[in-house]
Amino acid sequence: MGLDLLTIGQRPKGRTALAARWIVGYVDGRHKLLEQAEIVFEDDRVIHVGGPFDGPVVRRLDLGDVLVSPGFVDLDALSDLDTTLLTVENGPGWATGRVWPQSYVDRGPYEMYTPDELAFQKRYAFAQLLRHGITTALPIASLFYREWGETTAEFEAAAEAAADLGLRVWLGPAYRSGGMVCTAPGVLEPRFDEARGLRGLADAIDFASRIGGSHGGLVQAMLAPDRVETCTLELLKRTMAASRDMGLPVRLHMAQGKMERRTVQALHGTTGPQWLARHGLLNDRLIAPHAVEAEPEDLALYAQHNVTIAHCPLVYARDGEMLRSVRRCLDMGITIGMGTDTAPADMVLNMAVALMMGRAAEGNDRGLTSAEVFNAATIGGADALKRPDLGRLQAGSKADMAIFDMADSYFAPRIDPVQSLIFGASGRVTKAVFVDGRLSMRDGQVAGMDMAAARQQAQSQFDRLLLRYPERSWGQPTLGTMFPATYP
Ligand SMILES: [Zn+2]
């Protein structure tokens, strides 16, 4: 492929034309599939999408049988070594390290990873996102193995990692004013420390003011209060005030789980979205994963206040749960973006599951179209971030592109390339990714990282974490009890 002429990790100098069998261009306000087309970019911007470009170019690369697509926008981008994989077959959460037992709180929660390990897992996760065609990411990680919230130090490292690898990111350390504690088998109680939450917010605001727009605009800031049931009203009020003053998106998990529903009902007498609405805290800067537990009234409030849903169907489908339904949300005018939120951080697989679960939710094939799913993974996320120059390929947009191999031998027969991509259900056909005009990934490789060595490091780091699971599970069971083999 002609991309071999470029240097990985670098932005080619001067105008580059990419000729491809297919390009998803943006024409007259919508995606359009262009055949035998060309895209031309210079520095960080697209300057032409359409037929052969007749202006001067420094190089013209013929990519052949590929689909050039806008890079995916991941609103809940997996950024650690995924621990939810342990829970797919094993539960309940309080018995398998996902709710702190009283004994762990009494001994004093501590960081289960070193600062270097925290930095490494983000860098590794960012590389995995690029390998799956994701060009914009809002990282998400678990707080279960943390002392409390995420730290600005690790997010400074994350900003460096994004800049080194060439991934567009919105960064904000997760903060919270409380957490759930298991006080007896199956008994979970919320505990709050409001001052600690407000300190977390102050740190996050300080981080945002320093980091937002850095690295040539590649690194942007967001505010990331962890989940609605672990936030006090004061924390959310101040978060939204800062978001308004600084123009920052806010990501807050709510209407996402049954424990959350019960806890918020007990604390506030209603659902998360209705609690926020009561206090005027829903707005168009809010990105809310995952809405699988949303009431019709919650969805109506999302529509009324232009809240974006971050839809992550894969991680929920594994538990037999789904958003009910994407069709209904779209018909209500709710913006739907997508997130990976689990390993593999594969947005193509996620689109496939979105299509299948979206149709299952409606009980028929009119539940959702491939175009609607593809729009969510591109335009939906970009709109949530108020960035019309992302998620689309047209003159003036950012040169953020994913290139999918349509001649892959496992990918046969190919039909319409967008449909084939989604039905093929694997991002492993991502041949290359450009971000901000820079070749950030090619054939699975990213700049400055040996993926094979990184894979080994990631595994040993995860295995060390696993050894500490008994300390934060009720009754300190053995690993074998918590996570038995598929076939004992
Ligand atoms: Zn999530």
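**Entry 1: cysteines**

I looked up C231 and found that this residue counts as buried, at 2% relative accessibility. The model I am reading is a predicted one. I then searched for a sulfur partner of C231: the closest cysteine sulfur belongs to C312 and is 18 Å away, too far for a bond. I noted C329 as buried, with a relative accessible area of 0%. A disulfide needs the two sulfur atoms within 2.5 Å. My count of disulfides for the structure is zero.

**Entry 2: the zinc ion**

Which protein atoms are the donors of the zinc ion? I listed OD of D76, NE2 of H253, NE2 of H290 and OD of D341, at 2.1 to 2.4 Å from the ion. Along the sequence I wrote their spacing as D-x176-H-x36-H-x50-D. I placed D76 in strand β6 and D341 in the loop between β18 (336-338) and α11 (347-362), so this pair ties together parts that lie 265 residues apart in sequence. I recorded both D76 and D341 as buried.

I next checked the angles among the four donor atoms, which run from 83 to 175 degrees. Four donors count as tetrahedral if all angles lie between 85 and 135 degrees.

**Entry 3: A77**

I turned to A77, which is found in strand β6 (residues 72-78). Is A77 buried or exposed? I noted A77 as buried, its relative accessible area being 0%. Setting aside neighbours within four places in sequence, I found A77 in contact with L129, A137, L138, P139, I140 and T340. I also looked up the pair A77 and D341: the two are 264 residues apart in sequence, yet their C-alpha atoms are 5.3 Å apart in space.

**Entry 4: nonpolar cores**

I examined the largest nonpolar core, which has 113 residues. The members that touch the most other members are F72, F126, L276, Y302 and L421. Which element gives the largest share of this core? I found that helix α2 (residues 115-131) does, with seven residues. The core draws at least three residues from each of two domains, domain 1 (2-70 + 397-446) and domain 2 (72-384). I recorded another core lying apart from this one, made of 21 residues, including A20, L63, V68 and M401.

Notes:
Residues are numbered from 1 along each chain as its sequence is written. This is a predicted model: local features need pLDDT of at least 70, side-chain atom pairs count only at pLDDT 80 or more; totals for chains, interfaces and linings use all residues. Side-chain values use heavy atoms; hydrogens and water are left out. A nonpolar core is a set of buried Ala, Val, Leu, Ile, Met, Phe, Trp, Tyr and Cys residues joined through side-chain atoms within 4.5 Å. Buried means under 20% relative accessible area, exposed over 50%, partly exposed in between (1.4 Å probe, protein chains only). Helices (H or I, at least four residues) and strands (E, at least two) are DSSP runs, numbered from the N terminus. Domain bounds come from an automatic or database domain assignment. Contact means heavy atoms within 4.5 Å. Donors are N, O and S atoms within 2.8 Å of the metal (3.2 Å for Na, K and Ca); water is not among the atoms, so sites may look incomplete. Four donors count as tetrahedral if all angles lie between 85 and 135 degrees; four count as square planar and six as octahedral if opposite donors are over 155 degrees apart and all others between 65 and 115; anything else is irregular.
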